[in-house]
Amino acid sequence: MSTNGPTNDSTNDPADGLADGTADDPTDGPADQQADGAAPGGVRGGRTSAAGSALEKSLRVLEAVAAPGGPHRLADVMAAAAVPKSSTFRILASLVDQGFVRQDAESRYGAGPRLRGLSALVAGGEPASIGRVLGELQQATGQTVHLALHSGETITYIQKLESDQPFRTASRVGMRMPLHTTAIGKSILAHLPDAEVRDLIAAAGLPARTPHTLTTARELSAHLARVRARGFALDDEENEPTIRCIGAAVLRPDGRPVGGVSVTTVTFLVSREEIEAYAPALRAATEALAPLL
């Protein structure tokens, strides 16, 4: 990330490698290359490391630093980003130098002023109509409404509108949740190619969060077929006891899911039949949000 050095040697531009996935990762040292499966002598065999390209690693490290509960220790950032320790350290040093990350007196890492400023710019530029669509859904149902975006093996909540009921759910903006246990996550999985779903399951597994969680590929596949047929997904105490949700995906014009919206209730107040009655309003909201996300 240094700006020093030659600027006219196009044959050594790291961006070329990022474009075609063949260049050495400039964040990797010899130890990282060997750990990533490099050939003897440090020859990479024409592929990026198992941890991803330099850009992918940097983005994952930045995402790990910005996760709730910070500031974070180096070991925690490394584990969350799935990037080798030496690469993580070098990336963090550069991000600290650029002001995107700050390091405290205990050598923990948190969001720096430039990252916070960028976040404010993004939030300030959000179309007001997104809030209007979610607000109308919340008013129509009287329940908690979530908007989440798909991020690799998880979803990330980016908006939450509380219900009119005298209870509060534990979810919060910025929280990441599994795909297979949530209504939004399952609605996203239902619109992904089968091969991609298999890859996501292989990477993240299907761990149980409650006794109702779908924990086998076979039962999840059958469930996703029903989601596609109905146009919505249910989380019936699969992610958290006493919590029942209905969710639907927000789709791009090409049919790929970018995220989803859910209506969240508690089982002792809203029955399964009652929450399914929210489906038309939910689908209308996802269709209205599609051109905005």
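Predicted model: local features only at pLDDT ≥ 70, side-chain atom pairs only at ≥ 80, totals over all residues.

Trainee: Let's zoom in on some helices. At what angle do H3 and H4 pack?

Mentor: Helix H3 covers residues 54-66 and helix H4 covers residues 74-81; they pack at about 125 degrees, and their axes are 8 Å apart. That angle makes H3 oblique to H4. As for handedness, the crossing of H3 and H4 is right-handed.

Trainee: Which residues make that contact?

Mentor: From H3 it's Arg 60, Val 61, Ala 64 and Val 65, and from H4 it's Val 77, Ala 80 and Ala 81. Sorted by class, the contact of H3 with H4 has six nonpolar residues, one charged residue and no polar ones.

Trainee: Now the next pair. How do H4 and helix H5 pack?

Mentor: H5 runs over residues 85-98, and H4 packs with H5 at an angle of about 110 degrees, their axes 10 Å apart. H4 and H5 are therefore roughly perpendicular to each other.

Trainee: Who's touching whom there?

Mentor: H4 brings Leu 74, Val 77 and Met 78, while H5 brings Lys 85, Thr 88, Phe 89 and Leu 92. The residues in the contact of H4 with H5 split into five nonpolar, one polar and one charged.

Trainee: Nice. Switching topic: where is Leu 115?

Mentor: Leu 115 lies in helix H6, which spans residues 113-124. Leu 115 has a relative accessible area of 15%, so it counts as buried.

Trainee: What does Leu 115 touch?

Mentor: Setting aside residues up to four places away in sequence, Leu 115 touches Leu 62, Ala 66, Gly 99 and Phe 100.

Trainee: Now His 180. Is it buried or exposed?

Mentor: His 180 is buried, because its relative accessible area is 5%. You'll find His 180 in the loop between strand S5 (176-178) and helix H8 (183-189).

Trainee: Which backbone oxygen does the side chain of His 180 reach?

Mentor: That would be the backbone oxygen of Pro 207, at 2.8 Å. Beyond residues up to four places away in sequence, His 180 touches several others, including Lys 186, Leu 189, Thr 213 and Glu 238.

Trainee: Last one, then: Asp 236. Which strand is Asp 236 in?

Mentor: Asp 236 is in strand S6, residues 233-236. With 16% relative accessibility, Asp 236 counts as buried.

Trainee: What does the side chain of Asp 236 make polar contacts with?

Mentor: One partner is the side chain of Arg 244, at 2.6 Å. Another is the side chain of Arg 272, at 3.2 Å. Leaving out neighbours within four places in sequence, Asp 236 is in contact with His 212, Ile 243, Arg 244 and Arg 272.

Methods: Residues numbered from 1 in each chain as written. Heavy atoms only, no water. Axes fitted to C-alpha atoms, helices over the stretch in contact; angles between N-to-C directions. Helix = DSSP H or I, 4+ residues; strand = E, 2+ residues; numbered from the N terminus. Parallel < 35°, antiparallel > 145°, perpendicular 65-115°, else oblique. Left-handed = near helix turned anticlockwise from the far one by under 90°. Contact = heavy atoms within 4.5 Å. Nonpolar A, V, L, I, M, F, W, Y, C, P; charged D, E, K, R; others polar. Buried < 20%, exposed > 50% of the residue type's maximum accessible area, 1.4 Å probe, protein only. Polar contact = N/O pair within 3.5 Å; in protein donor to acceptor, adjacent residues only side chain to side chain.
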